[in-house]
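Trainee: I would like to learn how to read the features of a model. Where do we begin?

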Amino acid sequence: MSFRDFLTDRIGFIVIYGFNVILIAAVVQLDLLGKNVSLDGSNIAYMALLSTAGLASFLVLDYMRQRGYFQGLQMLKQSGLNGGKPEAMEGVISLPAGITREQRIAVELLLELYGAYTDRLEKHRIAQDQHQTFVRLWVHQMKTPVSVIGLLTEQPHGAAKEASRRPVGAVLESIQEENDKLRQGLDMMLHTARLEKFEADLRTQKVDLLQAVRQVINEHKKACIRYRIYPKLIASHEACYIDTDDKWLGIILHQIVSNAIKYSKSKHDGSKSLIITVTKDGSGCQAVFQDEGIGIAEQDLPRVFDPFFTGENGRLVAESTGMGLFVAKEACRRLGHRLEIESKLGEGTTVRLHFPRSGALHEGLLPLK
């Protein structure tokens with residue numbers, strides 16, 4: 001800001017000051033006239049000169065005092081902030097603290113806005129990195145079932161020739177298994193994308209938890225038969241109604257059951273059980289899933305809900321993405337449910353889903369975040 005601009009902003013102050021000087025001189029002149037005495041013209045000029053000199057000195061000193069702040073703003077403007085360049089926002093940090101209270105408040109506000117801007121930018125960067133990592137991982141994993149299906153369906157030669165000697169039913173079963181992997185991968189990509197617009201796709205209603213669990217078990221019936229996993233549903237009541245979104249509840253239950261199957265099928269060739277217990281009390285409903293799979297290493301448990309974390313199990317099960325439990329946990333958090341996991345390596349895993357009493361979500365006790 002130039003000195004001319006500085007004076008222009010204070011033109012009102014200068015005018016009022018000049019008016020007050022004239023008013024004081026008029027009052028003094030009137031008082032002297034009552035005593036048959038009058039101010040000399042030179043005295044009035046001298047008073048005006050002194051007042052003007054005092055005002056000018058004050059304005060110059062005030063401008064010099066605030067010049068550092070004005071220069072900082074000017075440099076910030078010239079760096080491209082008003083042109084929309086994001087990197088120019090870093091110049092806010094170097095702004096002087098300000099001289100007047102108004103300037104200090106303005107600087108504090110700019111710093112707060114800069115902090116909010118950087119936080120939002122960092123969250124966006126993390127989300128972009130996660131999305132790109134997931135896409136790369138997803139594409140890599142989808143190549144495997146596509147290649148296997150290609151080998152099973154192409155003309156019998158080379159490696160596919162051996163597959164062609166297998167019974168047609170076995171070939172079709174292998175194709176179906178690989179197709180299931182493709183479908184699960186596509187579903188995971190869709191669910192991850194929908195998390196970004198969670199509230200836009202949310203519709204809470206009363207849902208029977210028992211019915212939802214039975215439906216998910218039926219959807220995985222073929223996989224359970226194929227890997228000799230026997231699900232057993234135990235319920236303390238005939239029905240257990242909860243406030244939730246039926247679509248997201250299905251996604252959460254599907255992830256829990258599919259994980260139980262995925263990490264149980266490779267443990268041993270014998271039969272395994274998957275016990276699902278649904279109970280209801282004064283605090284709400286709870287569903288507990290107990291499998292006899294390979295379990296989770298103790299050091300991996302604190303990170304099982306982190307995106308892309310697969311831990312020791314990721315080295316044993318090729319189709320692990322590390323996104324399933326992340327999506328389930330995020331959906332539970334936004335719906336006001338609680339998801340917990342306990343596990344012992346080599347013995348199995350227990351997953352607990354707790355749903356608050358009916359109406360708690362609508363009463364605002366568990367607000368969406």
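Mentor: Begin with accessibility: buried means under 20% relative accessible area, exposed over 50%, and partly exposed in between (1.4 Å probe, protein chains only). Glu342 is partly exposed, with a relative accessible area of 46%. This is a predicted model: local features need pLDDT of at least 70, side-chain atom pairs count only at pLDDT 80 or more, and totals for chains, interfaces and linings use all residues. Residues are numbered from 1 along each chain as its sequence is written, and side-chain values use heavy atoms, with hydrogens and water left out.

Trainee: Which residue meets Glu342 in a salt bridge?

Mentor: A salt bridge is a side-chain nitrogen of Lys or Arg within 4 Å of a carboxyl oxygen of Asp or Glu. The partner of Glu342 is Arg352, at 3.1 Å, N to O. Glu342 sits in strand β6 (residues 338-344) and Arg352 in strand β7 (residues 348-356), so the pair ties together parts 10 residues apart in sequence. Strands (E, at least two residues) and helices (H or I, at least four) are DSSP runs, numbered from the N terminus. Arg352 is partly exposed, at 26% relative accessible area.

Trainee: How many salt bridges does a search of the whole structure find?

Mentor: Seven. One of them joins the side chains of Glu122 and Arg125 at 2.4 Å, N to O. These two are three residues apart in helix α4 (residues 101-153), so about one helical turn separates them. Elsewhere, Glu330, Arg333 and Arg334 are linked in a network of salt bridges.

Trainee: Which cysteines form a disulfide?

Mentor: A disulfide is a covalent bond between the sulfur atoms of two cysteines. The cut-off here is a pair of cysteine sulfur atoms within 2.5 Å. A search of the whole structure finds one. Cys240 and Cys285 form the disulfide, with sulfur atoms 1.7 Å apart. The link is left-handed, at -135° about the S-S bond. The pair links distant parts of the chain: Cys240 is in the loop between β2 (229-235) and β3 (241-244), and Cys285 is in strand β5 (residues 284-291), 45 residues away.

Trainee: Are Cys240 and Cys285 buried or exposed?

Mentor: Cys240 is buried, at 2% relative accessibility. Cys285 is buried too, with a relative accessible area of 2%.

Trainee: Where does helix α3 bend?

Mentor: The bend at a residue is the angle between axes fitted to the seven residues ending there and the seven starting there. Helix α3 (residues 41-78) bends by about 50° at Gln66. Gln66 is also among the buried residues of α3, which include Tyr63 and Tyr69.
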